There are 2 protein chains.
Amino acid sequence: MKIGILGTGMVGNAIGAKLIQLGHQVKMGSRTAGNEKAVEWVEQNGSTASQGTFRDAASFAEIIFNCTAGAVSLEALEMAGAENLSGKILVDIANPLVRGTFPSLVPSLSNTTSLGEEIQKRYPETKVVKTLNTMMCNVMVDPSLVPGEHDIFICGNDNEPKLKVREILNWFGWKAPIDLGDLSNARYTEMLSAFWMPLFNLYGTPNFNFKVSVGKG
Amino acid sequence: MKIGILGTGMVGNAIGAKLIQLGHQVKMGSRTAGNEKAVEWVEQNGSTASQGTFRDAASFAEIIFNCTAGAVSLEALEMAGAENLSGKILVDIANPLVRGTFPSLVPSLSNTTSLGEEIQKRYPETKVVKTLNTMMCNVMVDPSLVPGEHDIFICGNDNEPKLKVREILNWFGWKAPIDLGDLSNARYTEMLSAFWMPLFNLYGTPNFNFKVSVGKG
C-alpha cells in the first residue's frame, strides 16, 4: 500500500519504519521537501521510503498518518491540501498538547471538542480515525514492550475505515483494539495523552500503557 | 475516627457506609440539616451515623471527604467554613464534570488547573489529598468488583496526609495506590474521570477500572 506520513518527529519515524518493514511504500512529508530529518529517515529505510512536502506525501498516499504535533496539525493539513486528503483514511495520532513540565491541552482543541473532531469538521470528505495516540511511539509499533495485557483505543465516525485501521493495528501487534464509537470519543483519548507525562516522570520509562479491567454487574 | 462526608449522593453514601462498617463515626453534611437523603442514610447506617449541614459535618470531623458534585464543590466548602477545614485532611473525590451525554470538564477548574488545586489554593491550611475520583463509588470501597489488578491514583502536596489517606485506601481494599506526586497531578485524574462515561456506555457496567502496565527500558 502507498502510505503518507505527515511529520518527521519520533512518531512519524517509528510508524514509517514499521510500515516499511511490513512491505509498504511510505512517503514522509514535512513543510519543505528535503527536510534534514526526513532525508535521514529515507536513508535509513531503503528504496520503498521517500520524502517530500506535506502535499507530496498526502497526494502519494492511499492512507495518511497524521504524526505532526497536534497544536499545528490543522496548519500541516492545510498545507497538504483538501484535494489530497479527500476520500482517504487519515489516521490521526496527534495530540493537541501544549508542551511544558505539566502538559495541558490547547483549549480550542479540547474538552468540548478534540483535534480529531476539528480535523473531521474541516475535511468532511476525509475518513478520520483516531488511534495510537495514548502511548509512546515505540509501544505503538511494538506493544510487547509493555508486559501483560494493555489496551489501545480507536474511534471514528464510520465502520469501514475503522476496520481497515484495525487491520493495520493488528499488523503492529494489537490484538483487540477498544472501539469507543464515533470520533467525539477522541476527546477522552487526547485527555489521556496528557496523563502520559506524569506517569513517565514517575516510572522513568516510556514503556507503559493503560489497560481497562472490566468486571460483571 | 470522626469523619465528615460532604454530599448526599451515591459517592457520599458509599464512602460513608463503608467508614461506618469500619467502625468510625460519620456525619453526612448537606446544604441544610435534615436533608431527606442524609436522614435516610443515617437510618440505614445505625447509631454512629449522623447528619447535619456542611458546616456541622466539617466541624465534627477529623478527616473530611468531599463527595459533592465537583462543579459546586467550592460553594459547598464555603458553606462548611474555612475555620472548620483548617488543619484537617480533605480527601477530594469530586470531579468538575459538566454533565451531559459527552462529559466535559468545567473550563475554570480544568486543563491548566484542577478542582483539587483550586480547593488547596482557597484553603491553604487544609491538607487536600486527591484520590478515589477515577472509578465508580461501589468500586471505590470494594476494588474486588473489578477482576485482576487495577489501579488507584493519589496525589497531594504533603507526604504525611497522603500516608494517612493511603491507610484509609488500604482499609477499602487498595493495596498499592500510585502516588503521582503533588496536587497538580489532580488535573490528569480529573481528566480521566471524563473517560468514565464512554467506557460505561461501551461496557454496560460501572465495574471497570484502569490499570497502568509498566515495562522496562
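## Rings, a helix and an interface

The charged end of A:Lys27 is placed over the ring of A:Phe60, 5.1 Å from its centre, where a charge sits over a ring if NZ of Lys or CZ of Arg is within 6 Å of the ring centre and within 35 degrees of the ring normal. A:Arg187 likewise lies over the face of B:Phe102, at 5.5 Å from the ring centre. This is a predicted model, in which local features need pLDDT of at least 70 and side-chain atom pairs count only at pLDDT 80 or more, while totals for chains, interfaces and linings use all residues. Residues are numbered from 1 along each chain as its sequence is written, chains are lettered from A and ligands numbered from 1 in the order in which they are written, and side-chain values use heavy atoms, with hydrogens and water left out.

Over all chains, a search of the whole structure gives twelve aromatic pairs; rings of Phe, Tyr and Trp (its six-membered ring) pair if their centres lie within 6.5 Å, and planes under 30 degrees apart count as stacked, over 60 as edge-to-face and the rest as tilted. The pair of A:Trp196 and A:Phe200 is stacked, because the ring centres are 5.0 Å apart and the planes stand at 15°. Both residues belong to helix H9 (residues 186-203) of chain A, four residues apart, about one turn of the helix; helices (H or I, at least four residues) and strands (E, at least two) are DSSP runs, numbered from the N terminus. A:Trp196 is buried at a relative accessible area of 17%, whereas A:Phe200 is partly exposed at 28%, where buried means under 20% relative accessible area, exposed over 50% and partly exposed in between (1.4 Å probe, protein chains only).

In chain B, B:Trp196 and B:Phe208 form a stacked aromatic pair, which links distant parts of the chain, with B:Trp196 in helix H10 (residues 196-203) and B:Phe208 in strand S11 (residues 208-214), twelve residues apart. B:Trp196 counts as buried at 16% relative accessibility, and B:Phe208 counts as buried at 1%. The two stacked pairs are set out here.

| Pair | Centre to centre | Angle between planes |
|---|---|---|
| A:Trp196 and A:Phe200 | 5.0 Å | 15° |
| B:Trp196 and B:Phe208 | 5.5 Å | 25° |

Ring pairs also join A:Phe153, A:Tyr188, B:Phe195 and B:Phe210 into a cluster.

Helix H2 (residues 36-45) of chain B has B:Ala38, B:Trp41, B:Val42 and B:Asn45 buried. Down the axis of H2(B), these buried residues fall within an arc of 100°, so they line one face of the helix; the arc is that of the directions from the helix axis to the C-beta atoms. B:Glu36, B:Glu43 and B:Gln44 are exposed on the other side of H2(B). After H2(B) comes B:Gly46, with a positive phi near 85°.

In chain A, A:Asn35 is placed in the loop between strand S2 (25-30) and helix H2 (36-45). Apart from its neighbours within four places in sequence, A:Asn35 is in contact (heavy atoms within 4.5 Å) with A:Thr8, A:Ser30 and A:Gln51.

Between the chains, 45 residues of chain B are in contact with 45 residues of chain A. Chain B and chain A bury about 3,400 Å² between them, 63% of it on carbon and sulfur atoms, buried area being the accessible area (1.4 Å probe) that two parts lose on being put together, summed over both. B:Tyr188, B:Phe195 and B:Ser213 supply 18% of the area that chain B buries against chain A, more than any other three residues.
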